[in-house]
Amino acid sequence: MKKIVCLLLAVMLVGTLAACGDSGNVPAVAETEAAAPAAAPAAEAAEGEAAPAAEATSGPVELSYVTWRTEDIDVLNEMIAAFEDENPGIKVNMEVTSNDLTEYYAVLKARLLSGEGADVFMDHPGPYLKELVDAGYCYEMEPELYANVTPGVLGVGQVDGKQYGLPETCNTFVTFYNTALFEELGIDVPTDYESLKVAAQKSKDAGYQPIAIGFGEAWVADILYEALLCDYAPENPNALHDLETGDAVLADDLYKKVFGDVAKMVDDGIFQENLTGTNYESGISLFASGKATMLMDGNWTVATLMDMNPDLQFGAMPIFNTAGQGQGISAAGQNMSIAANTTKLDAAKKFVEFFYSPEGEAIYCNATVQPSTVQGVTLDIPALQMLSDVMGPKPADWPDTYVENSELMGIVEDLCVRMAEGGKNLDEEIAKSQTEIDALQ
């Protein structure tokens with residue numbers, strides 16, 4: 001089993017990857033009113049850190065770490081304890097905000113602006129990292145900090161060719177299915193869109209919800225429309241960036257296919273009732289509790305499902321477009337960054353180096369059931385084999401990785417949600433959203 005998983009990870013991590021979902025698909029970064037400090041080059045930050053007051057005290061250095069990942073609290077505490085055992089002169093204070101990522105970035109930027117409370121923090125690739133870098137909040141990392149990271153994934157943590165974040169895991173979008181319910185109801189595992197419709201109808205006929213997904217939170221729409229973009233244009237990672245540059249418009253065939261698919265899927269009844277009134281966690285609960293036969297989500301949810309219902313038996317399949325295609329996708333996930341103005345740079349570097357060591361990543365990935373971006377990590381988790389059967393042999397770049405203005409993401413997400421409400425005219429809704437995009441240029 002170990003050999004199979006290691007081979008999978010080696011294949012997945014060849015080439016340049018980009019983030020998504022567990023979670024890379026999120027709301028726009030919240031803005032703060034005060035102006036951000038100017039960016040500090042890595043060399044200046046390191047030089048200024050030679051004798052900071054915080055590290056000159058006789059007691060332990062107190063390092064602040066900020067993340068949104070409430071689902072990872074237990075394993076993060078385990079990692080912090082292991083790090084502190086190896087570094088008795090450093091104490092890590094972790095702050096975990098809610099999974100509401102608009103709130104997360106508001107809290108994070110407030111900490112970074114004040115210069116306190118966020119020495120090390122998590123962020124997302126694409127426009128989210130770029131906004132933090134442009135505001136001068138991120139430290140430019142030296143090569144020794146990412147010596148263990150697979151080179152092919154480093155691009156998602158770069159801005160203008162400089163390394164400001166380190167990708168932590170690899171992600172994929174899938175549709176999970178309850179294997180026990182499928183067997184009980186006589187449902188064959190779908191292999192294309194038509195068989196998916198059959199599975200959804202049989203589920204409803206037996207009194208179950210079909211595919212659960214929480215479109216009540218707009219960012220969740222990224223899971224569906226980005227998977228569809230990768231299905232229809234696997235060689236075009238700039239599909240969203242082209243919209244903000246004006247090289248493409250929503251009326252082009254690609255986007256009409258994607259958002260037309262969303263409307264058709266709703267009309268075909270493959271999703272649960274009250275689709276746009278269900279939040280993200282409620283969608284997961286529908287599946288974990290056995291009320292829905294399927295769940296559209298990302299691999300980061302596997303550990304949550306196993307915690308919510310240890311007896312749950314489930315498999316995974318690609319997200320199909322209405323033409324029947326379903327390309328498996330794998331891409332790098334969230335980043336870890338260091339604050340440019342931290343007065344505890346040596347301690348922050350040691351913390352990052354531990355997280356991205358084979359030891360640290362093994363603790364994290366075994367607990368969260370996510371493929372690692374670090375070389376030399378050995379994982380032996382059955383669920384990873386299940387995901388390996390879905391992930392494509394060629395890693396894809398999430399289209400949102402190349403977006404520079406996060407407001408574009410909000411516009412596209414809102415369009416997807418409106419189409420998911422049903423009864424909307426595609427051309428009219430596309431025209432509304434294109435007007436909003438034009439105003440950004």
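Predicted model: local features only at pLDDT ≥ 70, side-chain atom pairs only at ≥ 80, totals over all residues.

Biologist: How is a pair of aromatic rings described?

Modeller: By the distance of the centres and the angle of the planes. With pairing set at centres within 6.5 Å, the count comes to 15 aromatic pairs.

Biologist: What makes Y104 and Y105 an edge-to-face pair?

Modeller: The centres of Y104 and Y105 are 5.1 Å apart with 75° between the planes. Edge-to-face requires planes over 60 degrees apart, so the label applies.

Biologist: Why is Y104 called buried?

Modeller: Buried means under 20% relative accessible area. Y104 has 0% relative accessibility, so Y104 counts as buried. Y105 is also at 0%, and therefore buried.

Biologist: Why is the pair Y177 and F182 called stacked?

Modeller: The ring centres of Y177 and F182 lie 5.1 Å apart and the planes are at 25°. Stacked means under 30 degrees, so this pair is stacked. Both Y177 and F182 are buried.

Biologist: Which residues form one aromatic cluster with Y65?

Modeller: F83, F351, F354 and F355.

Biologist: How do you know that S337 is buried?

Modeller: Its relative accessible area is 0%, and the limit is under 20%, so S337 is buried. S337 is found in strand 13, residues 335-338.

Biologist: What makes the approach of S337 to Y164 a polar contact?

Modeller: A polar atom of the S337 side chain lies 2.8 Å from the backbone oxygen of Y164, and the cut-off is 3.5 Å. Beyond its neighbours within four places in sequence, S337 is in contact with several residues, including D119, F121 and M141.

Note on methods. Residues numbered from 1 in each chain as written. Heavy atoms only, no water. Phe/Tyr/Trp six-rings, centres within 6.5 Å; stacked < 30°, edge-to-face > 60°. Buried < 20%, exposed > 50% of the residue type's maximum accessible area, 1.4 Å probe, protein only. Helix = DSSP H or I, 4+ residues; strand = E, 2+ residues; numbered from the N terminus. Contact = heavy atoms within 4.5 Å. Polar contact = N/O pair within 3.5 Å; in protein donor to acceptor, adjacent residues only side chain to side chain.
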